[in-house]
Amino acid sequence: MQPRNMSMSGVVDLAAVKAASEAKSKAEQARAEAARQGGAPAVTPSALVIDVDEATFERDVLTRSSEVPVVIDFWAEWCEPCKQLGPLLERLVVEYNGRLLLAKIDVDANQMLMQQFGIQGIPAVFAVVAGQALPLFQGAAPEAQIRETLDQLVLVAEERFGLTGIAVDPNAQAPAAEAQVPVGPYDALLEAAVVALDSGDLAGAAQAYRNVLSDDPGNPEAKLGLAQAELLQRVQSLDPQQVRKDAAEKPADVAAQIAAADLDLVGGHVEDAFGRLVETVRRTFGDDREAARVRLLELFEVIGGDDPRVTAARTALARVLF
């Protein structure tokens, strides 16, 4: 993938006089309020690079962009160029010593943000300045070109929006992470879920797994169990023969393909299930594509992310998406 938009050409539209004036005024107000409250404390260099998701985007990107330009790196684990660009961006942003902030967004986990920014391929790099978004470049690029683009971004942010960045103290200590005390043990809840699953009480099993995840969202056993219970709930009322017939006769019917994929997986035909949904994603658009993509990700949870069949399907999904 070749880099493109390696310039600030989009700034002309972005920084129309009225918009720039309003954004600069908001930034000045935000700085004045921070000064009134004693000023923002200096941050550590490591705090200049943050992971952002849909829940924290407004706070960590839009709000912060009133004091410092926020560079956004859209990436994914399966994207090889992302693995080259990401560390380079992190190093460069730290070198700018508070004049830039880097927000890293995983597109697999934040599809809504990807769509809102109109991402067509990754890696893709944007910036938000005083609440105004602009594209920087797409694809991997030489360090010199990236540095030139960031230089222009800093200049525009300062001259047109009055953003001078945030204070950085290289000797400051990062705040100690609070000790995470597990609420568990969850043995009893997990055992109850297994018993319910074995007895056919799928709703009870799903609820037991949700109870664990409400306290421990990352619990791998509960995540896997819930994905399995929900899959079994979906297929228990299906007529397999009718589902297969509909899927064969109506290849454009996304609901039929999703139902058939569920049956494929329950029947142990993992590659068939994944392949069916990847193909459905490839030939659909809009809400239909999103429904097929989401179901495929749910089926990945049933099998487990370390399974080579999941890895292969993720790569295939990436090809049809980007």
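Ala130 is buried, with a relative accessible area of 12% (buried is under 20%, exposed over 50%, partly exposed in between; 1.4 Å probe, protein chains only). The residue sits in the loop between strand 4 and strand 5 (helices, H or I, at least four residues, and strands, E, at least two, are DSSP runs numbered from the N terminus). The model is predicted: local features need pLDDT of at least 70, side-chain atom pairs count only at pLDDT 80 or more, and totals for chains, interfaces and linings use all residues. Residues are numbered from 1 along each chain as its sequence is written, and side-chain values use heavy atoms, without hydrogens or water.

Asn97 also has a positive phi, about 55 degrees, although it is not a glycine. Asn97 belongs to the loop between helix 4 (80-95) and strand 3 (101-106). With a relative accessible area of 46%, Asn97 is partly exposed. A cis peptide bond joins Ile122 to Pro123, with omega at about 0 degrees. Pro123 is in the loop between helix 5 (111-116) and strand 4 (124-129). Why do such sites stand out? Because most residues other than glycine have a negative phi, and most peptide bonds are trans.

## Strand positions

Asp51 is in strand 1, residues 49-51. Asp51 is exposed, at 60% relative accessible area. Along the chain, Asp51 and Ala103 are 52 residues apart, yet their C-alpha atoms are separated by 5.7 Å.

Pro135 is part of strand 5, residues 132-138. Pro135 counts as partly exposed, at 37% relative accessibility. Pro135 and Ala124 are 11 residues apart in sequence, and 8.3 Å lies between their C-alpha atoms.

## The disulfide

Which cysteines form a disulfide? Cys79 and Cys82 do, with their sulfur atoms 2.4 Å apart. A disulfide is a pair of cysteine sulfur atoms within 2.5 Å. By that rule, the count is one.

The link between Cys79 and Cys82 is right-handed, with 80 degrees about the S-S bond. Both Cys79 and Cys82 are buried.

## Salt bridges

The structure holds 22 salt bridges (a side-chain nitrogen of Lys or Arg within 4 Å of a carboxyl oxygen of Asp or Glu). One of them joins the side chains of Glu90 and Lys104, at 3.4 Å from N to O. This pair links distant parts of the chain: Glu90 is in helix 4, Lys104 in strand 3, and 14 residues separate them. Glu90 is partly exposed, at 29% relative accessible area. Lys104 is buried, at 11%.

Glu158 and Arg99 also meet in a salt bridge, at 3.0 Å from N to O. Glu158 lies in helix 6 (residues 143-161) and Arg99 in the loop between helix 4 and strand 3, so the bridge ties together parts 59 residues apart in sequence. Both partners are partly exposed: Glu158 has a relative accessible area of 37%, and Arg99 has 36%.

## Helix pairing and a network

The side chains of Asp264 and Arg244 form a salt bridge of 2.6 Å, N to O. Asp264 is in helix 11 (residues 254-266) and Arg244 in helix 10 (residues 240-249), so this bridge ties together parts 20 residues apart in sequence. Asp264 counts as buried, at 4% relative accessibility. Arg244 counts as partly exposed, at 32%.

Arg91, Glu95, Glu143 and Arg147 make up one network, joined by salt bridges that share partners.

## A negative patch

Which residues form a negative surface patch? They are Asp187, Glu191, Asp198 and Glu221. Patch residues have over 30% relative accessible area and no salt bridge; like charges are joined within 9 Å, nonpolar side chains within 5 Å.

Helix 7 (residues 187-198) gives the largest share of the negative patch, three residues. Glu221 is in helix 9, residues 220-235. Glu221 is partly exposed, with a relative accessible area of 46%.

Key. Accessible areas come from the Shrake-Rupley method with a 1.4 Å probe; for residues, only the protein chains shown count as cover. Lys and Arg count as positive and Asp and Glu as negative; His and the chain ends are not counted. The place of a charge is taken as NZ of Lys, CZ of Arg, CG of Asp or CD of Glu.
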